[in-house]
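Biologist: I'd like to learn how to read a structure like this one. Can we go through it feature by feature?

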Amino acid sequence: MRTASLSEELTAPVSNIAAPLDTLLALVTEPLAAIVVVAEVLVLLIGVISRFVFNHPLTWSDELASIMFLWLAMLGSAIAQRRGQHMRMTALVGKCSARTRGLLESIGAAAPAVFLLLILGPAYNFTEDQTFVHTPALGLNDAFRAAALPVGVVLMLLASLVRSVDRGWRDLVSAIIVIAVVACVLYALGPWIRAIGNWNLVVFFAVLLALSVLAGVPIAFAFGLSTVSYLLLTTTTPLEVLPGRIDEGVSSLILLAVPLFILLGYLIVMTRMSTAMVNFLAALVGHVEGGLAYVLLGAMLLVSGISGAKTADMAAVAPVLFPDMKKRGIHEGELVSLLAASGAMAETIPPSIVLIIIGSVTGVSIAALFTGGLLPGVVLALALAIIARRRMAEGAEVERGVTSGREIGRTFVVAAPALMLPIIIRLAVMEGVATATEVATIGIAYAIMVGILVYRSFNWRELYSALVGTAALAGTILFIIGAATCMSWALTQSNFSHALAAALAQAPGGKYGFLIGSIVLFIVLGSVLEGIPAMVLFGPLLFPVAKQLGVHEVHYAMVVILAMGIGLFAPPFGLGYYAACSIGQVDPNAGLKRIWSYLAALVVGLLVVAFVPWISTGFLP
């Protein structure tokens, strides 16, 4: 699995027929999305300053931020659809013949249009219903906020049409025929599907979903199509419920931290703050045997505390360290294996986006998750360091001499402003200065000031691309959450959640059997579905079971997040592995035989975390 942004074919220009519409969509969505990102940062930052500095809370700031947030999510989703950046599995598609691959690519482009057409009317009706609602602080008609849904659906639909036409008429017609045949088969089987009761969940949420994902349909739209098919064929529930569920899943203000930390990740690269931190760690321990491996692990731990996004973490670290590591004779497959494993290791290091999302969907305290996530990441880092020391035998002819104390001091002084950022972020949350959402704006303001005044490397020309990239990546994540919320709601209505809870509650071995079962489940889900939808789908179902069995909610969160991370970065399907290869500019085949010892170390470290709850809960108040 990989994001389409990493696929070479998606960098090609669109056809002459679709080019004018593609250009128009870019002109409509990208500048507006960039403006909304800036507005979100300013509104929340003003709210923090007004409350903490002037002791005068602004009652309207969160409300205005929430209104803009839904627009940001939908505009970002449209940009991601136009650019082909919605997360999807292409590992199997890429192994097919050219003819079959062309057909599957067309299906992957056309299937989202089917889902969008089906929910366009319900999205419009949802907006009409919201005209009777007014916001409490600003008194605005809620239709202004809800209108983001039908507008976003239309923009994504147009982007889907552009991508479908660009695949060629022959493949497009074939794709439409395949989709129509599948729809007719499901309709014909409707009486039988309804007759088998809850076993029909297997048809829609296992078989149909799996076929969609394997065919390269973006995950969010695969979720949506499976849910729509289930509702149309087995229930009398109108599709009007789906826009409400998407709104419910996307509109949580806690999730506003997602685009803000993504933007912060862009900024630490732009301002060279990440380079300063990595250079300091390299000066400190880079000269010892395996030292640069320790630097990479330490840098991932540090950077994870700033950006919150694993792709941003790897992009900040790899370009700085990989050239020097290659000079020392380390195999490139070894490098990308350690980079991917370190990405899985750092999933719980605050302020991880996954921590924020799991807190949003389960109600677990974000501050508690931030506190509990530090030590599990360190445990896995130590496990990786043991393996890395054995595996990374560096050539003596290029070995560095011991770095002088003066050089270490110089790099520390240079890195000190950057090293302060993760400390500021964590202290602001722990001391109640700002929420997990608001603290990202403090980090953004700090990064901009340090970049301009200290490192003097802030490139204003890159800012627009960073803002649009933030909107696109955030839209990808948030639309997955919205679609997964719809699917989770459908599963709940079918009483599947109660059956699953009952089955897992009776797992042999009590709570430890439950933990082992959860580890296996989330490793598989992390590899196949990508971590975020897995968390949204199963978090609300499994956390009550864990609590019933006496597993602390923070402890359980650390276990399932780390398990998800291992699956996410495990080949051949894990998205994170291919992202690491793309960032490190290494052929994925180079690391396929070398990564397994690192993954084994991660599993051992995860079992230690699972069986020693204190690692996750020992520092909680």
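This is a predicted model: local features need pLDDT of at least 70, side-chain atom pairs count only at pLDDT 80 or more; totals for chains, interfaces and linings use all residues.

Biologist: How many aromatic pairs does the structure hold?

Modeller: Ten of them. To read a pair, look at the distance between ring centres and the angle between planes: under 30 degrees counts as stacked, over 60 as edge-to-face and the rest as tilted. Take Phe221 and Phe479: their ring centres are 5.3 Å apart and the planes sit at 45°, so this pair is tilted. Phe221 belongs to helix H9 (residues 219-234) and Phe479 to helix H21, so the pair ties together parts that are 258 residues apart in sequence.

Biologist: Are Phe221 and Phe479 buried or exposed?

Modeller: Both Phe221 and Phe479 are buried. Now try another pair, Tyr512 and Phe611, which is stacked, with 5.2 Å centre to centre and 10° between the planes. Here Tyr512 lies in helix H23 (residues 510-528) and Phe611 in helix H27 (residues 596-611), so parts that are 99 residues apart in sequence are tied together.

Biologist: And what is the relative accessibility of Tyr512?

Modeller: It comes to 30%, so Tyr512 counts as partly exposed. Phe611 is partly exposed too, with a relative accessible area of 38%.

Biologist: Next, the core. Which residues have the most contacts inside the largest nonpolar core?

Modeller: The general idea first: in soluble globular proteins, nonpolar side chains tend to be buried together. In this model the largest nonpolar core has 216 residues, and those with the most contacts inside it are Met273, Leu296, Met345, Ile357, Phe522, Tyr556 and Leu602. Helix H21 supplies the largest share of this core, 18 residues.

Biologist: What does Met273 touch, leaving out residues up to four places away in sequence?

Modeller: Its partners are Ile268, Pro417, Ala418, Leu421, Tyr446, Ala447, Val450 and Tyr455.

Biologist: Where does Arg456 lie?

Modeller: Arg456 is in the loop between helix H20 (439-455) and helix H21 (460-493). Although not a glycine, Arg456 has a positive phi of about 50°. With a relative accessible area of 71%, Arg456 is exposed.

Note on methods: Residues are numbered from 1 along each chain as its sequence is written. Side-chain values use heavy atoms; hydrogens and water are left out. Helices (H or I, at least four residues) and strands (E, at least two) are DSSP runs, numbered from the N terminus. Buried means under 20% relative accessible area, exposed over 50%, partly exposed in between (1.4 Å probe, protein chains only). A nonpolar core is a set of buried Ala, Val, Leu, Ile, Met, Phe, Trp, Tyr and Cys residues joined through side-chain atoms within 4.5 Å. Contact means heavy atoms within 4.5 Å. Rings of Phe, Tyr and Trp (its six-membered ring) pair if their centres lie within 6.5 Å; planes under 30 degrees apart count as stacked, over 60 as edge-to-face and the rest as tilted.
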